[in-house]
Amino acid sequence: MFSKILIANRGEIALRIIRACRELDIQTVAVYSEADRNSLHVRFADEAVCIGPAPSSESYLNIPAIIAAAEITDVEAIHPGYGFLAENAHFAEICASCNITFIGPASETIRSMGDKVVAKETMRKMGVPLTPGSDGVVPTKEEALKIAQQIKYPVIIKAASGGGGKGMRVCHNDVSLISSFMMAKNEAEANFGNPDVYIEKYIEDPRHVEFQIVADHYGNVIHLGERDCSIQRRHQKLLEESPSPVLTEQLRKKMGEAAVKAAKAANYVSMGTIEFLVDSSGEFYFMEMNTRIQVEHPVTEMVTGIDLVKEQIRIAAGEKLSFKQDDVKLQGAAIECRINAEDPDNNFMPSPGKIEELHLPGGYGVRIDTHIYNGYEICPFYDSMVAKLIVHGRDRAEAIRIMGRALEEFYISPIKTTIGLHSRILSNQLFLDGKVSTHFLEKMLKPDTIS
Amino acid sequence: MNLKELREIIKLMNDNELSEVELEHEGTKIKLKKLSSSVPEATVTIPTTQYQSVLPQQPVQGQTEVSSKPANRKEITSPMVGTFYRAPSPDSPPYVEVGEIVEVGQVVCIVEAMKLMNEIKSEIKGKIVEIPVENAHPVEYGQTLFVLEPV
């Protein structure tokens with residue numbers, strides 16, 4: 001087991017990792033930008049190193065600074081968290097060459113799964129169902145037109161090096177396809193440094209259902225059930241739950257097996273997630289693979305009783321998986337609400353600033369993963385998520401009641417947050433009936449919609 | 001330093017609303033620090049006793065500091081994380097010493113990271129009055145390497 005780990009991240013996930021390390025008796029090193037000097041992750045860690053000024057590019061994305069910090073504190077491993085350098089194959093490579101264990105999969109795996117076209121090709125070879133679409137990169141708009149006519153509109157153009165919902169364009173006919181095609185390529189070049197795009201059938205009213213995968217260095221790969229992340233705004237997840245209200249035991253088994261097959265196809269080690277789209281007839285299609293621990297991992301932790309971060313660290317240290325597929329049972333239901341410092345009544349404008357009053361919810365079945373505290377200054381340089389509120393109940397109905405109750409207890413002032421928005425989602429009939437697709441939230445937010 | 005003197009220092013701190021005092025007197029060094037009002041409330045327990053920085057903790061923004069540095073002193077801070085070296089090699093003499101006057105652009109030290117030696121140049125002209133970091137010790141971004149008095 002490692003004796004010291006550096007956490008190359010900030011905010012709630014840095015705290016999460018530090019907590020897991022504490023329980024495993026591992027010393028921790030926090031890195032921070034000048035803006036995060038008073039952050040909780042800095043105070044909770046055993047050691048802390050300032051690595052740069054506020055901008056991410058000069059701090060949390062600054063590979064030389066992070067490696068230098070790892071060297072002077074003499075750590076054995078680096079945990080990248082999520083975002084930042086978590087899926088940066090180059091960073092994983094540098095860690096390996098400096099003899100520091102990168103807590104995640106190998107750099108080649110990150111590279112191949114990071115290229116969405118390569119990822120799909122890998123899955124196709126293993127017989128994992130894919131969304132109908134182009135056979136790889138689409139080079140010209142003539143080719144794009146041909147494919148669109150083949151698979152039928154609507155179609156979606158995606159960046160090969162994209163991810164996290166960025167760089168996607170939906171087209172309903174030839175005219176919009178032609179105009180979108182070149183724009184999509186330009187955007188891809190600007191955002192990801194690679195203009196390659198591919199095309200998929202755009203599935204109407206899909207559900208986003210992802211499977212948590214865990215694999216060790218000994219070839220053991222299992223899945224830990226699903227998370228339904230259909231509630232999204234601009235392709236960013238807001239609320240996640242497990243189990244998915246639409247999965248039957250049969251479909252869960254089928255998708256779970258496909259997810260394990262996908263992970264094995266990628267020679268996967270560590271924690272990962274296979275994302276699927278599920279259409280209204282129960283057909284599922286591979287979308288992409290995320291080669292990191294995810295924001296919404298606590299949802300799976302609550303229904304399986306497994307600490308995913310500790311397991312991830314154990315695997316990186318060379319241990320075997322501590323359980324088998326048959327040991328994994330989903331108990332009860334869990335829901336997570338991502339609380340962002342944004343004003344939902346003002347086009348989700350970010351709301352940084354000092355927290356003057358804070359009261360966190362509690363009680364049986366309530367979990368809060370957060371880095372905020374009374375008097376904390378939310379800075380404008382990083383993402384706006386300030387807390388994750390997670391609940392667990394005996395079934396979905398109870399989990400919804402607990403979440404509603406917990407949201408009412410949650411008080412932050414004067415910062416504007418999405419707490420109120422979550423309360424609205426939780427009282428929406430479509431949500432209560434479990435009948436939401438990925439378009440649900442956009443529809444709900446339109447002023448003429450009755451919630 | 002006896003208990004009576006300690007009590008007087010604490011009274012001085014309270015009367016003048018000081019949060020941190022560092023004193024050196026006849027070989028004894030003492031540092032007194034008050035918990036500031038911006039410490040998080042009871043919902044979170046901060047294990048301040050367990051937190052030891054490998055590097056000297058920078059003063060928290062907004063806290064008053066009793067400093068022995070006059071206001072006109074300038075600092076050369078580290079632009080990167082790494083190991084601080086006073087000289088280009090173990091056998092060479094240090095680039096600069098306390099009391100020396102450095103010019104703009106003059107190399108004052110090396111900060112090494114990932115086996116790369118980075119020469120740090122002074123951006124100001126001044127006389128070195130203090131070198132708070134020891135040779136071959138780790139430094140973080142923004143850490144004070146040299147304190148200068150302008151000439």
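Reader: In what order do the eight strands of the open sheet in chain A stand?
Author: In this predicted model, the order is S13-S12-S9-S10-S11-S14-S21-S19, and the pairing is antiparallel.

Reader: Which strands stand at the edges of that sheet?
Author: Strand S13 (284-290) and strand S19 (366-370) of chain A do. Each has a single partner strand, so one side of each is left without a neighbour in the sheet.

Reader: And what holds strands of a sheet to each other?
Author: Strands of a sheet pair through backbone hydrogen bonds, in either a parallel or an antiparallel manner.

Reader: What do S10 and S11 of chain A form?
Author: S10(A) and S11(A) form a hairpin, with two residues between them. Arg234(A), in the turn, has a positive phi of about 50°. Strand S10 spans residues 221-233, and its antiparallel pairing with S11(A) runs over four bridges. One residue pair to look at is Ile231(A), whose bridge partner in S11(A) is Leu239(A).

Reader: Is S11(A) largely enclosed, or is it left open?
Author: Strand S11 (residues 236-242) of chain A has six of its seven residues buried, so it is largely enclosed by the rest of the structure. S11(A) also pairs with S14(A), in the antiparallel sense and over four bridges. There, Ser242(A) is opposite Ala334(A) of S14(A).

Reader: How many residues of S21(A) are buried?
Author: Eight of the nine residues of strand S21 (residues 385-393) are buried, so this strand too is largely enclosed by the rest of the structure.

Reader: And over how many bridges does S14(A) pair with S21(A)?
Author: Strand S14 (residues 333-340) and S21(A) pair over eight bridges, in the antiparallel sense. Arg338(A) has Lys388(A) as its bridge partner in S21(A). S21(A) is also joined to S19(A), by five antiparallel bridges. In that pairing, Val366(A) is opposite Val391(A) of S21(A).

Reader: A change of topic: into which domains is chain A divided?
Author: The chain is divided into domain 1 (4-103), domain 2 (132-201) and domain 3 (207-445). The C-alpha centres of domain 1 and domain 3 of chain A are 23 Å apart.

Reader: How many residues of domain 1 are in contact with domain 3?
Author: In chain A, 22 residues of domain 1 are in contact with 20 residues of domain 3. On the domain 1 side, helix H1 (11-23) and helix H2 (40-44) are the elements that give two or more residues. The largest share, seven residues, comes from H1(A). By type, the residues on this side are 12 nonpolar, five polar and five charged.

Reader: Which residues of helix H4 in chain A are buried?
Author: In H4 (residues 89-97), they are Ala89(A), Phe91(A), Ala92(A), Ile94(A) and Cys95(A). The buried residues of H4(A) pack against helix H3 (63-73), strand S4 (77-79), strand S5 (101-102) and helix H5 (107-114) of chain A. Just after H4(A), Asn99(A) has a positive phi of about 65°.

Reader: Now chain B. In what order do the four strands of its open sheet stand?
Author: The order is S7-S6-S4-S9, with antiparallel pairing. Strand S7 (116-121) and strand S9 (137-139) of chain B are at the edges; each has a single partner strand, so one side of each is left without a neighbour in the sheet. The twist from one strand to the next averages 40°.

Reader: Where does Ile131(B) lie, and is it buried or exposed?
Author: Ile131(B) lies in the loop between strand S8 (126-130) and S9 of chain B. Ile131(B) has 20 other C-beta atoms within 10 Å, so it is buried, because 20 or more is the cut-off for that term. Leaving out residues up to four places away in sequence, Ile131(B) touches Val98(B) and Phe146(B).

Reader: What is the mean pLDDT of chain B?
Author: The mean is 78, and 74% of the residues of chain B reach 70 or more. Over residues 37-67 of chain B, pLDDT stays under 50. For the complex, the predictor gives an ipTM of 0.77 and a pTM of 0.83.

Note on methods. Residues are numbered from 1 along each chain as its sequence is written. Chains are lettered from A and ligands numbered from 1 in the order in which they are written. This is a predicted model: local features need pLDDT of at least 70, side-chain atom pairs count only at pLDDT 80 or more; totals for chains, interfaces and linings use all residues. A residue is buried if 20 or more other C-beta atoms lie within 10 Å of its own, exposed if 12 or fewer, and partly exposed in between; C-beta atoms are placed from the backbone. Two residues are in contact if their C-beta atoms, placed from the backbone, lie within 7 Å. Domain bounds come from an automatic or database domain assignment. Ala, Val, Leu, Ile, Met, Phe, Trp, Tyr, Cys and Pro count as nonpolar, Asp, Glu, Lys and Arg as charged, and the others, Gly among them, as polar. Two strands pair if DSSP finds at least two bridges between them. Axes are lines fitted to C-alpha atoms, for helices over the stretch in contact, and angles run from 0 to 180 degrees between N-to-C directions. pLDDT is the predictor's confidence in each residue, from 0 to 100.
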